[in-house]
Amino acid sequence: MGTPETSREPCPDRILDDIGGAFGMGAVGGSAFHFLKGLYNSPKGDRLIGATQAVRLNAPRIGGSFAVWGGLFSSFDCTMVYVRQKEDPWNSIVAGAATGGFLAMRQGFAASARSAAFGGVLLALIEGAGIALNKFLSAQQPMPIMMDEMPPQTPENSDSNKSWFGGIFGGAKEEEKNTSGGSDVKILESFDAPPVPNFEYK
């Protein structure tokens, strides 16, 4: 299982990917939120028309705001990757703080500092939760079961032919002597090969 840093796009393409993903997420979430809000606030009989108008007016704006945030975040993240020459959660934390501070810059230094602190803490919580979830899921994966290969069951080593007394009463293995060298030869049966056909003319 790949970590969130290794499963993302490479850095120049990551910016466009995050802009599109953030716009889609904001547009879909904003559509659902403003559709329900339009249904609730519209007068009876015009609820569906009011809900669709609310979605048409507000969903692109929320999607654009999310896209700006995602683009800035990815730009700062890629800058940190280029400066530090490594990918780790600290890049995302610093990028979240820089994005929050940059977006609140027009409201003054104090508001920008508060927003930067909030962005850094939020990204630290998200990264910590992702790391904890990654460790939990990797610990839950079962280890592969290693089984020793059992020998094939032949009449010589099958359990049905073994006696309690270890072959005292006729359960011993039969062995044949080789006529040329006098060494022991064990008869092995092949279970895989089919019988060879005989094509002799009778």
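At what angle do helix α2 and helix α3 pack, and how far apart are their axes? I would like to start there, keeping in mind that what we are looking at is a predicted model. Helix α2, which covers residues 47-84, and helix α3, which covers residues 89-103, pack at an angle of about 135°, and their axes are 8 Å apart. Angles over 145 degrees would count as roughly antiparallel, and the angle here makes α2 oblique to α3. The crossing in which α2 passes α3 is right-handed.

If you follow the contact along the two helices, α2 contributes Val68, Trp69, Leu72, Phe73, Phe76, Asp77, Met80, Val81 and Arg84. From α3 come Trp90, Asn91, Ser92, Val94, Ala95, Gly96, Ala98, Thr99, Phe102 and Leu103. Sorted by class, the residues in this contact of α2 with α3 are 13 nonpolar, four polar and two charged.

Let me now turn to the loop between α2 and α3, where we find glutamine 85. As a general point, most residues other than glycine have a negative phi. Glutamine 85, however, has a phi near 60°, which is a positive value in a residue other than glycine. Is glutamine 85 buried or exposed? Its relative accessible area is 61%, and since the cut-off for exposed is over 50%, glutamine 85 counts as exposed.

The contact is made on the α3 side by Pro89, Ser92, Ile93, Gly96, Ala97, Gly100 and Gly101, while the residues from α4 include Ser112, Ser115, Ala116, Gly119 and Gly120. By class, the contact of α3 with α4 holds seven nonpolar, eight polar and one charged residues. Ser92 and Gly96 of α3 were also named in the contact with α2.

The buried residues of α1 are Cys11, Arg14, Ala22, Gly26, Ala27, Gly30, His34 and Gly38, and α2 is included in what covers them.

Note on methods: Residues numbered from 1 in each chain as written. Predicted model: local features only at pLDDT ≥ 70, side-chain atom pairs only at ≥ 80, totals over all residues. Heavy atoms only, no water. Axes fitted to C-alpha atoms, helices over the stretch in contact; angles between N-to-C directions. Helix = DSSP H or I, 4+ residues; strand = E, 2+ residues; numbered from the N terminus. Parallel < 35°, antiparallel > 145°, perpendicular 65-115°, else oblique. Left-handed = near helix turned anticlockwise from the far one by under 90°. Contact = heavy atoms within 4.5 Å. Nonpolar A, V, L, I, M, F, W, Y, C, P; charged D, E, K, R; others polar. Buried < 20%, exposed > 50% of the residue type's maximum accessible area, 1.4 Å probe, protein only.
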